[in-house]
Amino acid sequence: MAAVVEKHSIDVVPDSARHGRAFNQFTLWLGANLQITAVVTGALAVVFGGDVVWSLVGLVAGNLLGGAVMALHSAQGPQLGLPQMIQSRAQFGVKGAVVPLLLVILMYVGFFASGSVLAGQATAELTHTNDTTGIVVFALVTAVVAAVGYRVIHVLGRVASVICALAFVYLGVRLLDRVDLGDLLGDAHFSLPMFLLAVSLSASWQLAFGPYVADYSRYLPRSTSARATFWWTLSGSAIGSQWSMTFGVLVAASSGGAFLDNQVGYVVSLGGAGLVASFFYFVIALGKLTINVLNTYGGFMSMVTGISGFRGQRALSQRGRAVYIAIIMVAGTAVALLGKDSFLASFKDFLLFLLTFFTPWSAINLVDYYLISRERYDIPALADPHGRYGAWRWDALVVYGIGLVAQLPFLATHFYTGPLVEPLGGADVSWIVGLVVPAVLYWLLARRDTSHIPDATILGTEESAGPLVAGGVAHR
């Protein structure tokens, strides 16, 4: 068991601990996206007024655009061997990185909660208890798997990718037996606001993985191709999410109010009754376990990253790991129990509101990594507030703030609608603004002073007798 439990957390993964293949990213992200919350996300495109054809086209566009951004983050993992948010200290400063981190932690708690609501319903059916007990049991299992760590998470992804894929094939066949696909596809009426809503729903789904996607590629050998990591991550995530969301669109368009009243129960009813129904409740719980483990693991990693920037902490004990994971679990479970009766109404706004905070961070991080620093970082300095990156990097923090504010006029949610939404026909294009504006501003500012960028990546580990050059390992 000691060999299975993960020993590394926010510290750099040494070469001796690297293992796996880029293909592992495909199975992990396929399994993480073949699940009930992705089904609900796709259904929302129809629930809020879209037709089947243009909802599907919009969801594809969003999954590809957002997935490409997410996969660019994933490609950073093998090169640096660091959790995603630790690396963002190079842009925001050792302490300044806590600003986006606070919002990232909020995201993980929110996704943990939303996932626990649906998984709790499935768990309750399997254990013959009520939803509250199901949510608590599911949360405890999630915390245990997250505490074991990286290896078990990838094994879980491989198992879930196979089981959930087979289950979705069967459910898809059963659904097509019930509906007239020609009628659904024939009722196409393009609406720009509804099309952009579909794009935003799937783009936000993908972009929300950005702050932790490299956490699950950082153990890959340093020689792993960045291109392979990018494409396997993108294909797994985009195929899995589009598969689930397409199923959700067809279910929502054909079921009337039956799906809205009980998302889990309706999906299971497509599969059958008795033991077959129990199997599909298990599939739903398994799919949600995969993604909720990622949310718990990413949440604890982000919390440690934020706190350690002020404490000068470079590693984490097993006891500390358990405490942080427990905090995420308790917070997410509490939110799930409070919001379990109003899940669908609030989930769309939660997804779209997340875009406001994470698109500027993604833009800054990617521009710095690929265009400014060109993959060259001083890894020991990421833990030193007096080092080359400093405690606070105000250029990035100001650009991040401008990126947030620039989106507000274009943002459309239940609790806030910007003044430029109505002239655009009700379309929400805030996430596009949130990517473009900070990307351009940060590039213009950061390229003026590159004195903090090393000539080659400095590892600072016992295993490296020489520097890591951009694009490969220097010969030792």
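This note covers the salt bridges and a nonpolar surface patch in a predicted model.

1. Salt-bridge count. The model holds 3 salt bridges. Each is taken in turn below.

2. Arg 222 and Asp 15. Their side chains meet in a salt bridge, at 2.7 Å from N to O. Arg 222 sits in the loop between α11 (192–207) and α12 (226–255), and Asp 15 in the segment before α1 (23–33), so the pair ties together parts 207 residues apart in sequence. Arg 222 is buried, with a relative accessible area of 9%. Asp 15 is partly exposed, at 27%.

3. Asp 378 and Arg 388. This salt bridge has its closest N and O atoms 2.9 Å apart. Both residues lie in the loop between α17 and α18, 10 residues apart. Asp 378 counts as buried at 11% relative accessibility. Arg 388 counts as partly exposed at 34%.

4. Arg 393 and Asp 395. Here the closest N and O atoms of the salt bridge are 3.1 Å apart. Arg 393 is buried, with 11% relative accessibility. Asp 395 is partly exposed, with a relative accessible area of 26%.

5. Nonpolar patch. Val 99, Phe 310, Trp 392, Trp 394, Val 398 and Ile 402 form a nonpolar patch on the surface. Together they have about 570 Å² of accessible area. Helix α18 (residues 394–407) supplies the largest share of the patch, 3 residues.

6. Trp 392. This patch member is placed in the loop between α17 (343–372) and α18. Is Trp 392 buried or partly exposed? Its relative accessibility is 35%, so Trp 392 counts as partly exposed.

How values were computed. Residues numbered from 1 in each chain as written. Predicted model: local features only at pLDDT ≥ 70, side-chain atom pairs only at ≥ 80, totals over all residues. Heavy atoms only, no water. Patch = residues over 30% accessible without salt bridge, like charges linked within 9 Å, V, L, I, M, F, W, Y side chains within 5 Å. Areas by Shrake-Rupley, 256 points an atom, 1.4 Å probe, with all protein chains shown as cover. Salt bridge = Lys/Arg side-chain N within 4 Å of Asp/Glu carboxyl O. Helix = DSSP H or I, 4+ residues; strand = E, 2+ residues; numbered from the N terminus. Buried < 20%, exposed > 50% of the residue type's maximum accessible area, 1.4 Å probe, protein only.
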